[in-house]
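Hello,

Here is the structure we talked about. Please have a look, then read my notes below.

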Amino acid sequence: MPALPPEIIASNVADIVAPTPSMPRFHRSDPRTRRLIYQGAFFLVLLAAGFYFGSNAAANIARRGLELGFAFLGRTANFAIGETIISYSPADSYGRALLVGAANTLMVAIVGCVLTTVLGVALGILRLSTNPLLARLVGTYVELGRNIPLLLQLFFWYSLVTRLGGARDAWSPLPGVFVSNRGLRAPTIVANDAFAYALGALVLAIVLCVIVKRWAELRQAATGKRPPVLAVMLAVLGGLPILGGLASGGSLALDYPQLQGFNFTGGMALSPEFVALLTGLTLYTTAFVTEIVRTGIQAVPHGQWEASRALGLSSGRIMRLVILPQAMRVIIPPLTSQYLNLTKNSSLAVAIGYPDLISISGTVINQTGQALEVIFIFMAIYLAISLATSAGMNLLNNRLGLR
Amino acid sequence: MKIQRLVGACIASLVGLFQPALAGTTLDAIKQRGSLKCAVQGPSNPGFGVPDTQGRWQGFNVDFCRAIAIMIFGDGEKIQIAPLTTQTRFPALQSGEVDVLTNNTTFVLVRDTQLKFNFPAITFFDGQGIMVPKKLNVQSALKLDGATVCVQPGTTTELALTDFFRKHNMKFTPVVIQARDELTRAYAEGRCDALTSDATTLAAQRTTVSNPADHIILPERLSKEPLGLTVRHGDEELRDIVAWAFNTLVNAEEFGITKANVDEMLKGTDPQIRRLLGVDPGLGAALGVDEKYAYTIIKTLGNYGELYEKYLGEKSPLGIPRGLNNLYTNGGIMYVPPSR
Amino acid sequence: MSAVFAPSTMITSTFAVRLRVRALGLAKVLFGTWLNGAITIICIALVGWLCWHAYVWAWRDAAFSGNSTQCRAAGGACWAFIRAKLAFTIYGVYPFEERWRAAIAMAIFAAMIGISFVPRFWHARLLAMWIVALALAFMLLRGGIAELEIVPMRNWSGMIVTIWLAVLSLAFSYPVGLALALGRTSELTLIRYLSIGWIETVRGVPLISILFVASIVFPLFMPEGLEVDNLVRAQVAFTAFGSAYLAEVFRAGLQAIPAGQYEAASALGLGYWRTMLLIVMPQALKLVIPPQVNTFIAIFKDTTLILVIGVFDFLGAIKAMLSDTDWLGFATEAYVFAAAIYFVICSGMSAYSKYLERELSPEKNR
């Protein structure tokens, strides 16, 4: 018997029905021979099907006069893209345009996953609140979020965002911040000397914080008392960059958005499409994550709560130090598939005009007619993103697992 | 080869889901099937093709499909309408999923050559325009530097728009939304400063905003958009039928034959009219269709002008002036080959 | 709503809350501490505000009959629009004179779905009934027999298509998913790797891209002249999609069956297929019924995406009716209506899945 991978349960069957020595080799009831015959037959069927569909495709391609190949990727795209996080102009190539689409997809997926995690954990805890009203309110949100198709939710958020006032009567909650149906505009910091000093000081502050935290842990282990770390860390994080900025002798400059012609220029911008897509994706996925977090927390035995309380920990710290780390083991596998769902669902962007990978692919297909190649490219990119996410989360899961 | 045929037989045996295999030309297949398959802009396009409350397709383009069906079957109801998106229409025609595109496809060089299509008739002379809200106080497209423009993907409009702004050294931000109704809504709610599309489409889109009078279509035309009926290369018989179905509608208008007076016209003495209506036979036989084809088309649908006024004209909700689409005798450029 | 708070779903700590509510009274829980009091007041204010606005828009100022002008004058929601178009959302462009056929087909579906919800009826006979019902519904909808006029699948639309697609996708996904799950756990290397490759590829890409493949690439692989309807292609896409997700659900069930069951089966002299069919499958499938229902809910919600490839489903009909020039500017009402329909169906199914979880849980049988 060749060694079979242990994860295959069915191998047990094979072990049991292993051939007796008296059986002649290559008898048709010998499992090994049978396995070979099955696989061979299956392979032949597959080959035949592949040949059949392949020859159809070849005939159809010839008949329609399609020219296959990736040469079109180098040709000039000649169409504009509304928002890009890497530089792009209509004079760039189709390949570049697709890259812009992939970057946009990644952008919304990453931000969405982070927001979903934060919101999902918070709501998952609130779902178990002792205040029945709050728990039920969260429960209602979960039901609504999970049971209405995402596409409809996206239409809802998009129409809400576009119903804000126009650029000329934008709502300005803070000086320099403008909210309108052209999106969100906020001032950005100009990268001058003062900014560089402050940034350097911030890095220093983070390093200091790590050291302080480590020291506090050692101290706690030695004396049993925990020094007031949080206050120190906040002071360091807030104070050092300000000192750094002052030390440079200059002052921070802000690039304020200004209304010019039809729209704002300057500052940083989030487009309404991005905001609507992000809101829709996040709230939809969070509804699922909330339930996952709830189940995860409940999976931690009640004795853990009681033991922690007996140690005198506050309920906030029990949650953070005892319950959540254990719940994580239950939470991470389903959370991974929610991350994957969010990334894949970002393809609905095409319905509300965010230039994601699928949306740009659609335009490229129409301009070049190279449907097969473009579909192949975007499927490969999504597959790569999915596999990378799975691999990363598996790594995390293994680290958090019991050792 | 045997296996290939076997697998083919297996697949083909899933009867009911599949149409019988084509025998010979597309026209033969249409006759065998008993209905003509036309594509319209989906899910719906006001004036050109919309399902009414009872679920019947109505519209300018739908009636061209009916006219072609009358040529083939003598019955304008033997049609199947496929609402297709701009991205699926060409693969659908190429694969034979539909027989004719009656969905406002622009006749351009690459579609003729690379996609291997024929455009037997141009049903509508259009041009890409830009619509803006009146309150923007913009009178010319050249004043749109820095504007945000709503545009539908998968059309030639995206390309023409980019070309126009680059040519005049202006900047713009596109907002690209696939579904036309969502795009119009985004524009109506002020997400974009301007909306671009073929001028007639703009007129149709204007009817669906809450106050159409608040929007104007700027005078500039960014491109020529001759919208045609589309068939595949190689479908020569179908191509002839499509072409002469359309030409009949226009020639009827030229001769003054209308839905109301067509019966009277049958008794007339004008040899051209007698030939067209099949009183003096010959044309039908030449096309391989019923001699009364023109009579039936006009009796059922009306002439080109009547269709225009009914679905698109100034009295319809779309309110598009005849303009270029007037007969050449009335100042337009609608000039079709004579039926003789 | 009741489903969410049904006793079975009450988790230990909320259960504790319930006891406290009983013991100390509601007031104590809601206003026991300053924080709780503040939370309660904020929640009440929020819910009250939302309910008031919903009431004013959807009921007090709403118009329930009349035409679009009267509707606009009313100021609130225009339910008259939905009333006028209700039949259209169900039948779409299905021929008007033949709507009765679609209505009967819908009734057959409704009856079958209703029957299938009762675990007592889960029997091989139910499967046979479903096959008969599907065949009957198909013949009714498509026609071509017994003097019925043929209605090509192209003209099927509205709610009929949504339900047809959801039911058929499940029906086809189920066996394919089972085969894939068996393939993935099989000891035949070639079959195992092919199954893994297929499942992971389909699960790794968005449904939209699978629909694109089905509508654009799939026809390329068909022999010349063989026309496959758009709806059939959408069905192929949904089957590929649903089966990959169901396969993983089934695999979880298969892996939960203790090895002793396999050993006992082979001790009885059963081969692979009989072991699987008679011993393993019945147990494994029962274990994972709730996730199966959840996958079905997901597929049902995802049917909305076929709009992208131009199939006229329920949401497509909603969109088509929005461009009726007689009724303009009532998009909100139409979308709220659509959302409500989807919500009722999906939350109904998820409540059902919770009921099943309770009904079939091993604890209950102990």
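In chain B, strand β1 (residues 36-41) and strand β5 (residues 100-106) pair in the parallel sense over two bridges. Strands here are DSSP runs of type E with at least two residues, helices are H or I runs of at least four, and both are numbered from the N terminus; pairing needs at least two DSSP bridges. Within that pair, Ala39(B) sits opposite Leu101(B).

This is a predicted model: local features need pLDDT of at least 70, side-chain atom pairs count only at pLDDT 80 or more, and totals for chains, interfaces and linings use all residues. Residues are numbered from 1 along each chain as its sequence is written, with chains lettered from A and ligands numbered from 1 in the order in which they are written.

β1(B) also pairs with strand β4 (residues 79-84) of chain B, again parallel, over six bridges. There, Cys38(B) faces Ile81(B). Six of the six β1(B) residues are buried, so the strand is largely enclosed by the rest of the structure. Buried means 20 or more other C-beta atoms within 10 Å of the residue's own, exposed 12 or fewer, partly exposed in between, with C-beta atoms placed from the backbone.

Next, contacts (C-beta atoms, placed from the backbone, within 7 Å). Beyond four places in sequence, Ile68(B) touches Leu36(B), Val100(B), Ile241(B), Val242(B) and Ala245(B).

Between chains, 36 residues of chain A are in contact with 35 of chain B. Helices of chain A supplying at least two residues each to that side include α2 (31-64) and α8 (272-299).

Best wishes

Terms used
Contact = placed C-beta atoms within 7 Å.
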